[in-house]
Amino acid sequence: MSATTERVKALIRNIPDFPKPGIQFKDITALLGSPRGLYDALVAMLEVSPDNIDAVAGIESRGFIFSAPMAVMLHVGLVPIRKPGKLPGPTFEQGFDLEYGSSTLSMHQDALQPGQRVLLVDDLLASGGTLIAAAKLIERAGAVVSHTTVLIELTDLNGRQAMADAGLNSVSSIVTY
Ligand code: AMP
């Protein structure tokens, strides 16, 4: 692990049984509150991300914290992938299963053009359901997910394999548990 990655990992707290019993919640608030934490996380995420992309797509809400500055640094626009009922224009909607229950993500239909190459960004990869649903929205607009970058990967939940099964083979994470 690089010194940067070690500093980042030291700032991520594990909160057992939040928000439900059995979940090991990875809390990034100390990372965000530390003077160098967010900077170090962004540098590490940019280092593993391609720069030949046309847009960054970020997933509400912790994904926005990382995707917005990455879009600025990569000199491309940001596409917000949001929870339902937040975007005012015509949207694509994609449902997906969570560990308990289900959820939906939405994206403006005109957010991307066919053929555009997209870097997909979120805070954490667990089962992969969230990122796979986001990728489906991007694909419904005719665009292509070139790469996915997350800060944290929970390897026991096999999200990387679920993403590969969905055709998403190019995935980078900085800190793994
Ligand atoms: P999944 O769809 O199972 O890959 O879950 C990923 C999404 O749920 C991310 O947007 C995370 O913010 C959130 N999430 C899932 N598990 C955790 C966890 N243990 N700690 C923090 N966030 C989590």
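**A helix and its surroundings**

Guide: Helices α3 and α4 cross in a right-handed manner, a term used when the near helix is turned clockwise from the far one by less than a right angle, with anticlockwise being left-handed. The model is predicted, so local features need pLDDT of at least 70 and side-chain atom pairs count only at pLDDT 80 or more, whereas totals for chains, interfaces and linings use all residues. Residues are numbered from 1 along each chain as its sequence is written, and side-chain values rest on heavy atoms, without hydrogens or water.

Helix α3 covers residues 37–47 and helix α4 covers residues 62–74; helices (H or I, at least four residues) and strands (E, at least two) are DSSP runs numbered from the N terminus. Their axes come within 10 Å and cross at roughly 60 degrees. An axis is a line fitted to C-alpha atoms, for helices over the stretch in contact, and angles between N-to-C directions run from 0 to 180 degrees. The two helices are therefore oblique to each other, the class left over once angles under 35 degrees are called roughly parallel, over 145 roughly antiparallel and 65 to 115 roughly perpendicular.

Which residues of α3 and α4 meet? From α3 come Leu38, Ala41, Leu42, Met45 and Leu46, and from α4 come Ile65, Phe66, Pro69, Met70, Met73 and Leu74; contact means heavy atoms within 4.5 Å. These residues divide into 11 nonpolar, no polar and no charged. Here Ala, Val, Leu, Ile, Met, Phe, Trp, Tyr, Cys and Pro count as nonpolar, Asp, Glu, Lys and Arg as charged, and the others, Gly among them, as polar.

The buried residues of α3 are Gly37, Asp40, Ala41, Leu42, Ala44 and Met45, where buried means under 20% relative accessible area, exposed over 50% and partly exposed in between (1.4 Å probe, protein chains only). They pack against α1 (3–10), α2 (29–33), α4, β7 (117–125), β8 (144–153) and β9 (171–176). Val43, which also lies in α3, is partly exposed, with a relative accessible area of 28%. Between Val43 and Leu154 there are 21 Å in space, C-alpha to C-alpha, and 111 residues in sequence.

One of the helices packed against these buried residues is α1, where Thr5 is found. Thr5 is buried at 11% relative accessible area. Leaving aside neighbours within four places in sequence, Thr5 is in contact with Ile174 and Val175.
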